[in-house]
Amino acid sequence: MRIFEPHAHMFSRVTDDYERMALCGVRAVLEPAFWLGQNRTSVGTFVDYFDTLLGWERFRAQQFGIHHFCTMALNPREANDDRVNADVLAVLPRYLEKDSVLGVGEIGLDDQTPKEEKFFAEQVQLAIRHDLPVLVHTPHRDKKKGFERCIDILKESGIPMERVLLDHGNEITIKLTRDLGCYSGFSIYPNTKMDPLRMSKIVVEYGVDRMIINSACDWGVSDPLMIPRTIVKLQQARVPDADIEQLVWKNPIAFFAQSGRLQENDLAWPASADLRETFEGNSVLRGQDPAALQP
Ligand SMILES: [Zn+2]
């Protein structure tokens, strides 16, 4: 089964994770820009991070045949930080023009403060101007109220709902998002928030139309193989392969294809990398014989 992993913070993962993901069928990864666990103090560190997502992470993924894309944004947490928030918004437009940037995200709400709401709304407008879909982070605390507030802000913005992926959903929020016309995202974790068995029950009850699952793996307790693990549960629940393929492949591609920068055909084969090349001269290959690694 081919997998498009639509939410993985590979910046925080080791290279072995890419290999394990490729072995489990992950053909493409989308990496949303996010909070790094500690606030940054100047816009320069955002610029370097954004450049890493576009350059080094793409190179690392391609070494294992994985196509790498990203979404760019000021995350909701650091929207509260006046040392960086306005400056990050000022540099974002140039990143939103890049070929491998398929949307604006993660934007949304976290602590649900007025500043988060302001920068959320401004970035939805940026997405509209750049003709890109949005990946929306919803609060982990006070989730139902947070979802409702996110939905209000999105409706006020005028962005078409099919261009919205409301992420980090659960059994409660699916009732709010099902009939909105947006995509409903579910982040699956090893032991909190949402697990593979609960996810398979949601799929059995609601079907796969505009549903998207992801592993949201990052620097916390998380697992980049949560989609393959969920596929096993779905198969045990006798969900047809065609529905599983829609959930883990067709839907994320359809959503991010709205950027105009992705076609399913682009992913027909694994990414190829010329392993004889280094990335900006670094020493990643460490004595391996690149010629021997060529297909
Ligand atoms: Zn995330």
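Two strands count as paired if DSSP finds at least two bridges between them. I kept in mind that this is a predicted model.

**Entry 1: the sheet.** I looked up the strand order. Eight strands form an open sheet, running β1-β2-β3-β4-β5-β6-β7-β8. Their pairing is parallel. I then checked the edges. β1 (3-5) and β8 (211-214) each have a single partner strand, so one side of each has no neighbour in the sheet. From one strand to the next, the twist averages 25°.

Entry 2: I looked at β7 (residues 183-187) and β8. Four bridges join them, and they run parallel. I picked out glycine 185 and found its bridge partner in β8, isoleucine 212.

**Entry 3: one residue.** I turned to isoleucine 107, which sits in strand β4 (residues 101-108). Is isoleucine 107 buried or exposed? I found 30 other C-beta atoms within 10 Å, so isoleucine 107 is buried; the cut-off for buried is 20 or more. Leaving out residues up to four places away in sequence, I listed its contacts, among them Ala73, Phe120, Val124 and His137. I also looked up alanine 121. Isoleucine 107 and alanine 121 are 14 residues apart in sequence and 9.0 Å apart in space, C-alpha to C-alpha.

**Entry 4: two helices.** I checked α4 (residues 85-95) against α5 (residues 114-130). Their axes come within 11 Å and cross at roughly 10°. The two helices are therefore roughly parallel to each other. Asn85, Leu89, Leu92 and Pro93 in α4 meet Phe119, Glu122 and Leu126 in α5. I sorted these contact residues: five are nonpolar, one is polar and one is charged.

How values were computed:
Residues are numbered from 1 along each chain as its sequence is written. This is a predicted model: local features need pLDDT of at least 70, side-chain atom pairs count only at pLDDT 80 or more; totals for chains, interfaces and linings use all residues. Axes are lines fitted to C-alpha atoms, for helices over the stretch in contact, and angles run from 0 to 180 degrees between N-to-C directions. Angles under 35 degrees count as roughly parallel, over 145 as roughly antiparallel, 65 to 115 as roughly perpendicular and the rest as oblique. Two residues are in contact if their C-beta atoms, placed from the backbone, lie within 7 Å. Ala, Val, Leu, Ile, Met, Phe, Trp, Tyr, Cys and Pro count as nonpolar, Asp, Glu, Lys and Arg as charged, and the others, Gly among them, as polar. A residue is buried if 20 or more other C-beta atoms lie within 10 Å of its own, exposed if 12 or fewer, and partly exposed in between; C-beta atoms are placed from the backbone.
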